[in-house]
Amino acid sequence: MKLTIVGLPIGNVEDISARALKALSETKFIVCEDTRMFSNLWTKLVSLWKVQVSKPRLKFVNDFNEYRVLPSLLQEMNGLEEAVLVSDAGMPLISDPGYKLVHEGLALGWDVSVVPGPTAESAALAISGLPTDKYLFVGFLPKKPGKRAEMLNNIKGVSKTMNLSIVIYESTVRLEKIIGEMMEIFGEDVRMCLAVDLTKVSEKIFRGSIVEILEMVRNTKLKGESTMVVSLV
């Protein structure tokens, strides 16, 4: 069984690659994070004459059902010649589900390949104006305040030692709280870039000190997902 991991656009559908379109068009079986989200993307691609109207068979795996559905999904996929794995946006497995499926598939002898695509992580780094030669990708911080504070303090220690930029994902609804906590631990002088809805029409980019970014967040109505790049150097 050949499993192809396919990167999708993070916002702008026109960023999809020719290889990704070829993989999606030729497969008969797609594992996605949310069938509704993927169906919306497929509809957009159909309207742009990028794919055929009829879409492949869909199965979904997410953080909530992965343990439950994985055994039967592995058994079903093991009888196929090929399949494709995608997430809602960007590269699968990067702060998204799919690791367990790939890990178990490799153990079964699957041939696993990748069609790389955009990630909010690298896009935010590129436009941040902050050092990009070495960085630490954290993904989403823990939801519990104690665990979050512990991680932020550990990040501060590592970054000071290695001169790393830090990349963090966060929902816009929690930004004010999270940035406030970061300021308490990192200090008020650190530089930061906040990227919201990258590549979309609603894209917003803020750059400045963490104090300035916090003030912008307090005074700006933001929606969607955000990516923060922080330099403690």
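1. Helix 3 (residues 66-78) packs against helix 4 (residues 99-107) at an angle of about 40°, and their axes lie 10 Å apart. This makes helix 3 oblique to helix 4; angles under 35 degrees count as roughly parallel, over 145 as roughly antiparallel, 65 to 115 as roughly perpendicular and the rest as oblique. Axes are lines fitted to C-alpha atoms, for helices over the stretch in contact, and angles run from 0 to 180 degrees between N-to-C directions. Helices (H or I, at least four residues) and strands (E, at least two) are DSSP runs, numbered from the N terminus.

2. A note on the basis of these points: this is a predicted model, in which local features need pLDDT of at least 70 and side-chain atom pairs count only at pLDDT 80 or more, while totals for chains, interfaces and linings use all residues. Residues are numbered from 1 along each chain as its sequence is written, and side-chain values use heavy atoms, with hydrogens and water left out.

3. The crossing of helix 3 over helix 4 is right-handed; a crossing is left-handed if the near helix is turned anticlockwise from the far one by less than a right angle, and right-handed if clockwise. Helix 3 contributes Glu66, Tyr67, Leu70, Leu73, Leu74 and Met77 to the contact, and helix 4 contributes Tyr99, Lys100, Leu101, Glu104 and Gly105 (contact means heavy atoms within 4.5 Å). By class, the residues of this contact are seven nonpolar, one polar and three charged. Ala, Val, Leu, Ile, Met, Phe, Trp, Tyr, Cys and Pro count as nonpolar, Asp, Glu, Lys and Arg as charged, and the others, Gly among them, as polar.

4. Helix 7 (residues 175-186) and helix 8 (residues 210-219) pack at about 160°, with axes 10 Å apart, and are therefore roughly antiparallel to each other. Helix 7 passes helix 8 in a left-handed crossing. From helix 7 the contact takes Leu175, Glu176, Ile179, Gly180, Met182 and Met183, and from helix 8 it takes Ile210, Val211, Ile213, Leu214, Val217 and Arg218. The residues of this contact comprise nine nonpolar, one polar and two charged.

5. Zero disulfides are found in a search of the whole structure, a disulfide being a pair of cysteine sulfur atoms within 2.5 Å. Cys32 is buried at a relative accessible area of 2%, and Cys193 is buried at 0%. Buried means under 20% relative accessible area, exposed over 50%, partly exposed in between (1.4 Å probe, protein chains only).

6. Two non-glycine residues with positive phi deserve a look. Ser95 has phi near 55°; Ser95 sits in the loop between strand 4 (82-85) and helix 4 and is partly exposed, with a relative accessible area of 32%. Thr199 has phi of about 75°; Thr199 belongs to the loop between strand 8 (191-196) and strand 9 (204-209) and is partly exposed at 26%.

7. Pro56 lies in the loop between helix 2 (35-47) and strand 3 (57-60) and counts as buried at 10% relative accessibility. Residues up to four places away in sequence aside, Pro56 touches Leu24, Thr27, Lys28, Phe29, Ile30 and Trp42. From Pro56 to Lys147 the separation is 91 residues in sequence and 41 Å in space, C-alpha to C-alpha.

8. Ser159, in helix 6 (residues 145-162), is buried, with a relative accessible area of 1%. Apart from neighbours within four places in sequence, Ser159 is in contact with Leu164, Ile166 and Leu232.
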